[in-house]
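Here is a short briefing on selected contacts and strand pairings. Please look over the sequence and the model first.

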Amino acid sequence: GNILGEGLELILTSGQKIPNLNFKTNLTGNWENEQKRFCLNSLSLSLNEFLLTGHGNFEKEKATFAFNLSSSSAITSLAKIYPKPLRVKLKGEIKTDYKTNLKGQLQLNLSDFTLETKTEKTTGLQVKLTNNFCYHFSQQKLTLTQGQLNFNRATFLFAGTVSPSWIELNLKSPHLEFADFSSFFPELSALKGVISLDLILKGNPRHFNFSHSTKKLQSISLPFTAKGKIFSKDLRYGKIQFTQFICPYLLQKDVLILNPIYGKLRQEGDLKGKVNINLRDLTYQGEIQVKKINLGNFAAMFLPSSLGRIGGEGEIEANFKGKEFTLLSLEKYLNAQAKVSIKDGAIVGNPMLKEIATFLDIPKLAQFQFHRLNGSLRIIDGNVRINTTANQKEYGISIKGKSSLKGKLDLKAQIRLSPDLIQKARAKR
């Protein structure tokens with residue numbers, strides 16, 4: 001160092017190499033007598049792939065420090081903790097009075113980030129985190145404000161407080177695409193579209209419990225109370241599409257309540273319902289009601305064109321319960337009851353009805369019009385029972401049978417003809 005008129009200038013250089021560890025540091029600073037502070041003019045500290053640079057001022061009652069931490073290449077020294085390529089950049093500025101708090105701003109960037117599940121691997125992810133913070137020494141509490149997390153195209157805004165025994169977090173995402181998460185959350189792969197998310201989370205993080213086996217999730221116990229709302233103008237699940245979807249939710253005592261659920265179907269129709277999910281044993285139950293369905297558009301999503309077209313306006317009411325969320329679990333545990341009611345409809349182009357119409361020489365049966373169709377569907381442990389009746393003044397049809405969620409179908413149809421219609425058919429012969 002050098003002794004100057006106004007204080008002391010310090011220059012420190014050190015370097016050391018040991019197996020698997022390369023350490024080097026450079027520091028310059030000076031002590032200012034008049035202000036009674038140490039000015040850190042520059043700090044450069046390298047440890048393997050990491051490089052820390054910074055500067056600041058340190059006084060008796062306060063201090064400020066600005067820094068940059070980065071990895072000069074993909075990190076390999078953390079292979080035991082995270083055995084994937086990763087680049088890190090951390091930038092920040094902190095201030096403290098040593099007694100009451102430590103506060104500042106942080107900005108973290110992760111690139112070449114990899115997430116891997118049992119079935120999927122996603123590489124090249126980009127993660128960026130920025131926020132203002134203040135840590136209160138006496139309360140052992142961290143306050144977060146103006147936080148923002150960017151995960152690829154997804155953006156989360158957050159603020160809240162964190163302590164060893166309590167967390168309270170407000171989280172919002174104005175634009176969240178399922179496609180950004182489906183590669184490492186296969187359960188979401190069937191969901192498509194964009195949603196906005198609003199979340200308030202409160203609870204004790206010490207009580208978290210997550211139980212799973214190597215094959216499946218068994219239970220979740222969350223020490224939080226959460227509430228918020230999911231909103232979307234473009235949500236798709238398989239062939240079902242919503243032009244509007246609103247779902248308030250409440251998580252309390254390990255039970256997730258979705259109520260009321262509202263969706264406007266692109267195929268014309270309004271959906272309302274509610275669902276309760278018990279996270280401790282992964283059981284669920286709920287009910288839905290769909291009104292003002294344009295059956296022609298709705299049925300076309302699920303029925304092959306070879307069965308013909310069905311039209312009319314109607315409604316569906318259903319209640320259901322089950323356990324777990326895999327296809328195998330649906331086949332094993334799903335129990336449900338549904339009622340279907342359709343008025344002023346028609347079945348057109350059905351091969352069976354065409355053959356009957358030709359055989360009896362009754363052309364109107366080929367375009368089977370009905371005043372009302374009433375049907376019921378019952379699912380017991382994945383087995384489906386179907387009972388449907390459609391009637392008109394001169395004829396009617398009843399369909400009964402069974403099916404399975406795997407796609408097996410065994411149906412029997414009975415057609416009713418009025419005496420007058422039979423007489424007309426005989427007269428033609």
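A polar atom of the T25 side chain lies 3.3 Å from the backbone oxygen of S44. The model is predicted. T25 belongs to strand β3, residues 21-32.

**Around T25**
- T25 has a relative accessible area of 10%. The cut-off for buried is under 20%, so T25 counts as buried.

**Aromatic rings**
- The structure contains six aromatic pairs. One of them joins F58 and F65.
- The F58 and F65 rings are 6.5 Å apart, centre to centre. Their planes make an angle of 35°, and the pair is tilted.
- F58 is partly exposed, at 32% relative accessibility.
- F65 is buried, with a relative accessible area of 16%.
- F58, F65 and F67 form a cluster through ring pairs.

**Charge over a ring**
- K323 places its charged end over the ring of Y333. The distance to the ring centre is 5.7 Å.

**Strand pairing around β16**
- Strand β16 spans residues 224-237 and runs antiparallel to strand β13, residues 191-203. The two are joined by 12 bridges.
- R236 in β16 stands opposite K192.
- β16 also pairs with strand β17, residues 240-252. This pairing is antiparallel and has 10 bridges.
- G228 has Y249 in β17 as its bridge partner.
- β16 and β17 form a hairpin with two residues between the strands. In this hairpin, G238 adopts a positive phi near 65°.

Definitions and conventions: Residues are numbered from 1 along each chain as its sequence is written. This is a predicted model: local features need pLDDT of at least 70, side-chain atom pairs count only at pLDDT 80 or more; totals for chains, interfaces and linings use all residues. Side-chain values use heavy atoms; hydrogens and water are left out. Helices (H or I, at least four residues) and strands (E, at least two) are DSSP runs, numbered from the N terminus. Buried means under 20% relative accessible area, exposed over 50%, partly exposed in between (1.4 Å probe, protein chains only). A polar contact is a pair of N or O atoms within 3.5 Å; within protein, one must be able to donate a hydrogen and the other to accept it, and residues adjacent in sequence count only if both atoms are side-chain atoms. Rings of Phe, Tyr and Trp (its six-membered ring) pair if their centres lie within 6.5 Å; planes under 30 degrees apart count as stacked, over 60 as edge-to-face and the rest as tilted. A charge sits over a ring if NZ of Lys or CZ of Arg is within 6 Å of the ring centre and within 35 degrees of the ring normal. Two strands pair if DSSP finds at least two bridges between them.
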